[in-house]
Amino acid sequence: MRCRKCGQKAVINMRQHRLALCDEHYLEWLPEQTERFIKKYEMFTRYERLLLAVSGGKDSLALWDVLWRLGYNVDGLYINLGIDGSLDYSNQSQRFAQQFADERNLKLINLNVHEQYGESIPEIAQRTRRGQDKTCSICGLVKRHIFNQSARDGNYDAVITAHNLDDEAAVLLSNSLDWSLERLGRGQPLLPAGGGFVRKAKPFCRFYERESAAYTLLRGIPYIHEECPYSTGSKQLFFKQDLNRWEEHMPGTKLRFYLNYLTALDEGAFPQRQESPAELDQQRCPICGQPTITGNTCAFCRLFEK
């Protein structure tokens with residue numbers, strides 16, 4: 001396989017685009033496409049302060065590297081969830097994130113859930129007697145709360161996450177099978193600010209997971225290869241495996257699935273939450289002050305109610 005641009009040996013073949021590229025041109029192509037998606041969805045500008053959710057994995061470090069190369073003003077936020085096991089998972093992930101930041105003189109904010117709130121994610125799940133899927137949902141709830149709170153406290157203009165196309169397609173498949181209309185109505189690559197919620201953007205939403213992995217490999221970026229021990233057997237991994245089988249036989253399946261969904265979303269196929277920013281601004285949790293659709297204690301603070 002030869003590079004479409006220069007004829008040298010290709011390092012990646014993207015069948016959905018009918019495009020093969022060598023290492024040099026791939027390392028140009030992915031940032032160029034990222035910039036195109038940022039502009040297409042009007043995510044943010046170089047004049048804004050951005051806070052990137054960093055996990056120590058390939059996607060978030062690849063995205064941080066791309067945004068840094070493109071000249072965006074991005075700080076990182078690592079949340080140590082207290083997930084240990086035989087791999088010492090959270091601490092190992094934090095070391096990779098810190099190494100990346102130190103090598104580029106970038107700012108990484110580290111927050112430890114146990115130190116901040118008195119319990120790790122596994123301890124919260126055990127206390128509330130949640131199963132594996134519920135442990136993942138608690139983790140997501142805690143991270144979303146901390147990302148928004150940290151961005152508000154730090155006067156950041158947007159929270160950036162490194163969700164890739166595999167992530168988005170798996171969530172979309174799950175929500176479609178459940179006919180979860182509320183969730184299907186809020187799957188945009190950009191969620192605008194309003195009512196106490198900071199703007200959220202996903203610049204990698206149209207890249208396959210293998211594409212971000214290839215980028216980190218070619219850039220020589222060390223990252224944690226192991227998956228979170230709580231993700232084993234998760235519903236999302238199950239859907240990803242099925243989507244991978246479909247993709248193997250029909251290249252571009254994930255991309256078509258996701259892009260057609262975005263078209264349907266733009267055309268009003270799914271209901272979207274109707275609360276105005278002004279209404280949401282009045283519905284604040286009495287404990288933490290963050291917005292809540294109920295107007296009462298938010299789901300995050302209820303985790304710690306005695």
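Reader: Why is Leu63 called buried?

Author: Leu63 is called buried because its relative accessible area is 0%, and the word stands for values under 20%, with exposed over 50% and partly exposed in between (1.4 Å probe, protein chains only). The model is predicted, local features need pLDDT of at least 70, side-chain atom pairs count only at pLDDT 80 or more, and totals for chains, interfaces and linings use all residues. Residues are numbered from 1 along each chain as its sequence is written, and side-chain values use heavy atoms, leaving out hydrogens and water.

Reader: Where is Leu63 placed, and which residues is Leu63 in contact with, leaving aside neighbours within four places in sequence?

Author: Leu63 is placed in helix 2, helices being DSSP runs of H or I with at least four residues and strands runs of E with at least two, numbered from the N terminus. With those neighbours set aside, Leu63 is in contact (heavy atoms within 4.5 Å) with Leu52, Ile160, Thr161, Ala162, Pro203 and Phe204.

Reader: What makes up the largest nonpolar core?

Author: A nonpolar core is a set of buried Ala, Val, Leu, Ile, Met, Phe, Trp, Tyr and Cys residues joined through side-chain atoms within 4.5 Å, and the largest one here has 56 residues, of which Tyr26, Phe44, Trp64 and Ile160 touch the most other members. Its largest share, seven residues, comes from helix 2 (residues 58–70). A second, separate core has 28 residues, among them Ile124, Val142, Cys228 and Phe300.

Reader: Which strands stand at the edges of the sheet, and what makes them edges?

Author: The open sheet has six strands in the order 5-4-3-6-8-7, with mixed pairing, and two strands pair if DSSP finds at least two bridges between them. Strand 5 (108–112) and strand 7 (190–191) are the edges, since each has a single partner strand, so one side of each is left without a neighbour in the sheet. Strand 3 (residues 49–54) and strand 6 (residues 158–160) run parallel and are joined by three bridges, and the partner of Leu51 in strand 6 is Val159. Helix 3 (residues 89–104) packs on the sheet, where it touches strand 3, strand 4 and strand 5.

Reader: How do you know whether Asn80 is buried or exposed?

Author: Asn80, which lies in strand 4, has a relative accessible area of 4%, and therefore counts as buried. The side chain of Asn80 reaches the backbone nitrogen of Gly82 at 3.0 Å. Leaving aside neighbours within four places in sequence, Asn80 is in contact with residues including Ser90, Gln94 and Leu111.

Reader: What does UniProt list for "binding site", and how do you know that these residues gather at one spot?

Author: The unreviewed UniProt entry lists Cys285, Cys288, Cys298 and Cys301, and such annotations may be inferred rather than shown by experiment. They span 17 residues in sequence, yet no two of their C-alpha atoms are more than 8.3 Å apart, so they gather at one spot.

Definitions and conventions: Axes fitted to C-alpha atoms, helices over the stretch in contact; angles between N-to-C directions. Polar contact = N/O pair within 3.5 Å; in protein donor to acceptor, adjacent residues only side chain to side chain.
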